[in-house]
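Have the viewer open as you read.

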Amino acid sequence: MAWALKLPLADEVIESGLVQDFDASLSGIGQELGAGAYSMSDVLALPIFKQEESSLPPDNENKILPFQYVLCAATSPAVKLHDETLTYLNQGQSYEIRMLDNRKLGELPEINGKLVKSIFRVVFHDRRLQYTEHQQLEGWRWNRPGDRILDIDIPMSVGIIDPRANPTQLNTVEFLWDPAKRTSVFIQVHCISTEFTMRKHGGEKGVPFRVQIDTFKENENGEYTEHLHSASCQIKVFKPKGADRKQKTDREKMEKRTPHEKEKYQPSYETTILTECSPWPEITYVNNSPSPGFNSSHSSFSLGEGNGSPNHQPEPPPPVTDVSLKLNNLLPTTTPQEAQQWLHRNRFSTFTRLFTNFSGADLLKLTRDDVIQICGPADGIRLFNALKGRMVRPRLTIYVCQESLHLREQQQQQQKREDGDSNVYHAIYLEELTAVELTEKIAQLFSISPRQISQIYKQGPTGIHVLISDEMIQNFQEEACFILDTMKAETSDSYHIILK
């Protein structure tokens, strides 16, 4: 409705006649005006119908906003008449936002022929989540390393200049554009609404986000700090194709309602009009300090203070104490404070609040099903494996023993086979498959310094000694057995190792 799309309105505009239709709908007289009012607002709000501006009342014309932003995605039909619109988006899909110059003749002449700067950001709609925004985004960063929450699809966008995505602000992008030229920016939202919900029995409900756009003009110093216009809309983000299914479900639910019930809900529009709002209160993002150019490869980043919500000061993660550093795996004696630090170190920051009072014993008692129900399938399996300390299988395993032990084993093999005294071989697990790693593992096995091992050879045909290389190790057979022979180097206090 026009009154919703044009807030705030002057008193004289409220008396212009639209409010009378609204009051009539509330009093039950002319209930059909609900849908009519929405059709009217859609026409009034869309600046692409420039030829119709002359038909607006003079007072209304004075209140036309300088810019209009239109998200090319359909609104949900399951939103009540006087609530804010809700739009469903698919994760990672490119959606067009049209940047429209809505100025009347002679308005803001200082930006004629000049560029303006717009900053896009995806923020939480829920006030509760706004207060914990820093922790929420920090947890998302740990779970999705190298990814961004918001990106610009540059090849599809039109009219944008110098697009930038600061790696310290994973939910923000910015660019310059000329209001006199056609401008469309395609955005991609990579987070989904259910990534920030508290998992409970009986399903989960995704949290809504807001897409907010703040536009600025240059000041005398060439800095884009003078605010011109801000607008936002409410969205929910689903896994690929999930938004289409949700839109279809909402439409089918509305079709089953009676005509009287339908009058209480908004119709679904093909596009979403971003409504005027207060500018984002942060000041740091409008300075003229150089920011990294846009990088579509999602270079790694860390969260900075720029991601904090206006009413929340970022809190650093809990300090890692000497005691917690020793806790590679959680122990039953781990205190709740140490358990929190363990969760942070193992990239489970999203669930630290959920497990605030859990000790190590409490966490270790959780079953696989318990963890999956609390954290969801992906994070639940990862947390369960971390709690149980499951090791990743090494790339290569070989077995070695010293030659003297091998001879003694051969001599006493028959007598001690049943005594279990065959553990003369030691397992060496290799991850990097390099000669340096093998040297370090052998030195560690026999409690000597790697510097004391000068070279490692493998005995080849006719007893020749072949220098061990990375390529040779990469071609070792899995679980190959070797006998280690040592030979003192002639020129130094070190040894040559020979694998037989």
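## Two leucines with positive phi

Let's begin at Leu 433, which sits in the loop between strand E14 (426-430) and helix H17 (435-445). Helices (H or I, at least four residues) and strands (E, at least two) are DSSP runs, numbered from the N terminus. The phi of Leu 433 is near 55°, a positive value in a residue other than glycine. Leu 433 is buried because its relative accessible area is 8%; buried means under 20%, exposed over 50%, and partly exposed in between (1.4 Å probe, protein chains only).

Leu 108 also has a positive phi, of about 50°, although it is not a glycine. Its place is the loop between strand E3 (95-101) and strand E4 (116-124). Most residues other than glycine have a negative phi.

## About the model

This is a predicted model, with local features requiring pLDDT of at least 70 and side-chain atom pairs counted only at pLDDT 80 or more, while totals for chains, interfaces and linings use all residues. Residues are numbered from 1 along each chain as its sequence is written, and side-chain values use heavy atoms, leaving out hydrogens and water.

## Aromatic pairs

A search of the whole structure finds 9 aromatic pairs. Rings of Phe, Tyr and Trp (its six-membered ring) pair if their centres lie within 6.5 Å; planes under 30 degrees apart count as stacked, over 60 as edge-to-face and the rest as tilted. One of the pairs is Tyr 88 with Phe 238, edge-to-face at 5.4 Å centre to centre and 90° between the planes. This pair links distant parts of the chain, with Tyr 88 in strand E2 (residues 86-90) and Phe 238 in strand E10 (residues 224-238), 150 residues apart. Tyr 88 is buried at 8% relative accessibility, whereas Phe 238 is partly exposed at 22%.

Phe 355 and Phe 358 form an edge-to-face pair because their planes stand at 80°, with ring centres 5.1 Å apart. Phe 355 counts as buried at 2% relative accessibility, and Phe 358 as partly exposed at 27%. Ring pairs also link Phe 124, Phe 196 and Phe 209 into a cluster.

## A positive patch

Which residues form a positive surface patch? They are Lys 80, Lys 253, Lys 256, Arg 257 and Lys 264. Patch members have over 30% relative accessible area and no salt bridge, with like charges joined within 9 Å; a salt bridge is a side-chain nitrogen of Lys or Arg within 4 Å of a carboxyl oxygen of Asp or Glu.

Lys 256 is found in the loop between helix H8 (242-255) and helix H9 (259-262). Lys 256 is exposed, with a relative accessible area of 73%.

Methods. Patch = residues over 30% accessible without salt bridge, like charges linked within 9 Å, V, L, I, M, F, W, Y side chains within 5 Å. Areas by Shrake-Rupley, 256 points an atom, 1.4 Å probe, with all protein chains shown as cover. Lys, Arg positive; Asp, Glu negative; His and termini not counted. Charge placed at Lys NZ, Arg CZ, Asp CG, Glu CD.
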